[in-house]
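This briefing is meant for a reader meeting the structure for the first time. It takes up the fold, the core and one part of the surface in turn.

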Amino acid sequence: MIQKTTDKRSDAGPMIRHIAMFTFVDGVTDDDVRAIDEGLAGLPGVIDAIRSYSFGRDLGFSDTNYDYAVVGQFGSRADLDVYSAHLEHVRVLETCIKPVLKDVVRIQFEI
């Protein structure tokens with residue numbers, strides 16, 4: 001399920017795009033993914049630093065794709081740092097994502 005939960009774009013200059021892609025362990029269930037979806041969906045409502053946020057499970061078009069992706073936009077590096085350290089973000093990582101995580105890749109770039 002892909003959800004775009006917020007878009008607070010500003011024209012105040014370059015922004016930071018953060019992308020994280022996950023591979024899940026074998027045996028991940030729809031309930032596991034639903035818990036991730038629900039956890040991530042709540043983040044824009046509690047972390048003001050998020051400008052735009054979308055996420056979802058891979059559609060399965062290729063066997064070499066990652067299983068899930070998160071894409072966030074932030075007004076600055078400081079905003080990304082606020083997001084990364086926020087207690088609710090850490091809670092979602094620890095309780096929903098890490099228990100089913102096999103591998104993760106991340107990238108951040110200016111847009």
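Strands here are DSSP runs of E with at least two residues, and they are numbered from the N terminus. In these terms Ile-111 lies in the segment after strand E5 (101-110). The model is a predicted one, and the points below are grouped by topic.

**Fold**
- The chain has four helices and five strands, which follow one another along the sequence in the pattern β-β-α-α-β-β-α-α-β.
- Among the contacts in the chain between residues at least 6 apart in sequence, 78% join residues that are at least 24 apart.

**Core**
- The largest nonpolar core has 23 residues, and those with the most contacts inside it are Leu-40, Tyr-68 and Tyr-83.
- Two or more residues of this core come from each of strand E2 (16-24), helix H1 (30-41), strand E3 (50-57), strand E4 (68-74), helix H3 (77-85) and helix H4 (87-97), and the largest share, four residues, comes from E2.
- Leaving aside residues up to four places away in sequence, Tyr-83 touches His-18, Leu-43, Ile-47, Ile-50, Tyr-53, Val-70, Phe-74 and His-89.

**Burial and surface**
- Of the 111 residues of the chain, 32% count as buried, while the accessible surface of the chain comes to about 6500 Å², of which 51% belongs to carbon and sulfur atoms.
- A nonpolar patch on the surface is formed by Ile-107, Phe-109 and Ile-111, which together have about 230 Å² of accessible area.
- Ile-111 counts as partly exposed because its relative accessibility is 32%, and partly exposed covers the range between under 20% (buried) and over 50% (exposed).

How values were computed:
Residues numbered from 1 in each chain as written. Predicted model: local features only at pLDDT ≥ 70, side-chain atom pairs only at ≥ 80, totals over all residues. Heavy atoms only, no water. Core = buried A, V, L, I, M, F, W, Y, C linked by side-chain atoms within 4.5 Å. Buried < 20%, exposed > 50% of the residue type's maximum accessible area, 1.4 Å probe, protein only. Contact = heavy atoms within 4.5 Å. Areas by Shrake-Rupley, 256 points an atom, 1.4 Å probe, with all protein chains shown as cover. Patch = residues over 30% accessible without salt bridge, like charges linked within 9 Å, V, L, I, M, F, W, Y side chains within 5 Å. Salt bridge = Lys/Arg side-chain N within 4 Å of Asp/Glu carboxyl O.
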